[in-house]
Amino acid sequence: MPLELRHLRTIEAIAQYGSLAAAALRLHLTQSALSHQLRGLEAEFGVALLLRERGAQLRLSPAGERLLALAREVLPLLRQTQEELRRLAVGNSGRLRIAVECHTCFDWLTPAMDRFREEWPAVEMDLLSGFQDPLPLLQSGQADLAVLAAPENAVAGICIHPLFRYEVVGLVSPRHPLAERNFLLPEDFLEETLISYPVEDRRLDLLRDFLLPAGVQPWRRRHAELTVIILQLVASGQGVAALPAWAVGSYGEKGYVRALPLGSEGLWQTLHAATTAAQAALPHMQAFLAEVRRSVTANLTGVQPWQEP
């Protein structure tokens, strides 16, 4: 008779309840069936598992104590794994690794993650940030969700989820002559130093959808990795920039920078999330996407709910 999990459960119950009758009741066995199980195990290994002393409480032998130590090590892990599998089966547990390509996303992503954790505490969450394209991280299995400003051509097996619309605004110092304008035109950037994140032009809203279609390249380019540095450089007159309206925050409210629409109608973009088809079907992924849409449109300035065209 090889050692099985049921034997560990038996030893655990005997140690806990102190008698074969109580242990058998706990395990939903008859006492004779439990005794037969123990005798078979003792015969298999040639050792006694119990010390049967007349008039004394049933005690484990050294061999029984060794099995009990094993039971206390293995059974909790088994129960934990079983519970995790049950949660996975109904979508209450899982992993959500989010790849983000721009730092301004943290202004809305972090609060949305906090609210999501309140309802889905068993989902393990992590952020993968930087200035690399997040889509390859999703395709390689290093991320479960990628936040994208402008998805390119459709990729097999990847689902795109529109999240919300946001306005990109031009930023100038309040002392800059352009600060008196009602809105900015592409040609206004011709003789300016453009301050931006260190990413390819195709990943910058201002260049991709406003300047380059008009054939405009700024006179000079300067890079900064942090949003707050971009805002400080603009405030000090070192150049101009363009950011999502929600990222301007107190710098605009206090008059450190002037935020202006790009074009007479403003430049509006749609932020997207990308997942694999398998991830898109998971309940916790659907709940997270819904939380982002709800919390962002309720709490951020310069955003609109996404609507089907």
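A search of the whole structure returns 8 aromatic pairs; rings of Phe, Tyr and Trp (its six-membered ring) pair if their centres lie within 6.5 Å, and planes under 30 degrees apart count as stacked, over 60 as edge-to-face and the rest as tilted. The model is predicted, so local features need pLDDT of at least 70 and side-chain atom pairs count only at pLDDT 80 or more, while totals for chains, interfaces and linings use all residues. Residues are numbered from 1 along each chain as its sequence is written, and side-chain values use heavy atoms, with hydrogens and water left out.

**Aromatic pairs**

Select F116 and W120. The ring centres of F116 and W120 are 6.0 Å apart and the planes lie at 5°, so this pair is stacked. F116 is buried at 2% relative accessible area, and W120 is also buried, at 16%; buried means under 20% relative accessible area, exposed over 50%, and partly exposed in between (1.4 Å probe, protein chains only).

Select Y166 and W246 next. Their ring centres are 5.4 Å apart with the planes at 65°, so the pair is edge-to-face. This pair links distant parts of the chain, 80 residues apart: Y166 belongs to strand 6 (residues 158–172) and W246 to helix 9 (residues 245–253). Helices (H or I, at least four residues) and strands (E, at least two) are DSSP runs, numbered from the N terminus. Relative accessibility is 2% for Y166, which counts as buried, and 7% for W246, which counts as buried too.

**Cysteines**

Turn to the cysteines. How many disulfides does a search of the whole structure find? The search finds 0, a disulfide being a pair of cysteine sulfur atoms within 2.5 Å. C105 is buried, with 1% relative accessible area, whereas C159 is partly exposed at 26%.

**Domains**

Colour the chain by domain. The assignment gives domain 1 (5–88), domain 2 (94–164 + 271–300) and domain 3 (165–268); these bounds come from an automatic or database domain assignment. The centres of domain 1 and domain 3, taken over C-alpha atoms, are separated by 71 Å.

Two packed helices are described by the angle between their axes and the distance between the axes. Here the axes are lines fitted to C-alpha atoms, for helices over the stretch in contact, and angles run from 0 to 180 degrees between N-to-C directions.

Select helix 1 (residues 5–17) and helix 3 (residues 31–45), whose axes come within 11 Å and cross at roughly 115°. Helix 1 and helix 3 are therefore roughly perpendicular to each other; angles under 35 degrees count as roughly parallel, over 145 as roughly antiparallel, 65 to 115 as roughly perpendicular and the rest as oblique. Helix 1 passes helix 3 in a left-handed crossing: a crossing is left-handed if the near helix is turned anticlockwise from the far one by less than a right angle, and right-handed if clockwise.

Move to helix 5 (residues 106–119) and helix 11 (residues 283–299). Their axes come within 9 Å and cross at roughly 125°, and the two helices are therefore oblique to each other. The crossing of helix 5 past helix 11 is right-handed.

Finish at helix 8 (residues 227–235) and helix 9, where the axes come within 11 Å and cross at roughly 45°. Helix 8 and helix 9 are therefore oblique to each other, and helix 8 passes helix 9 in a right-handed crossing.
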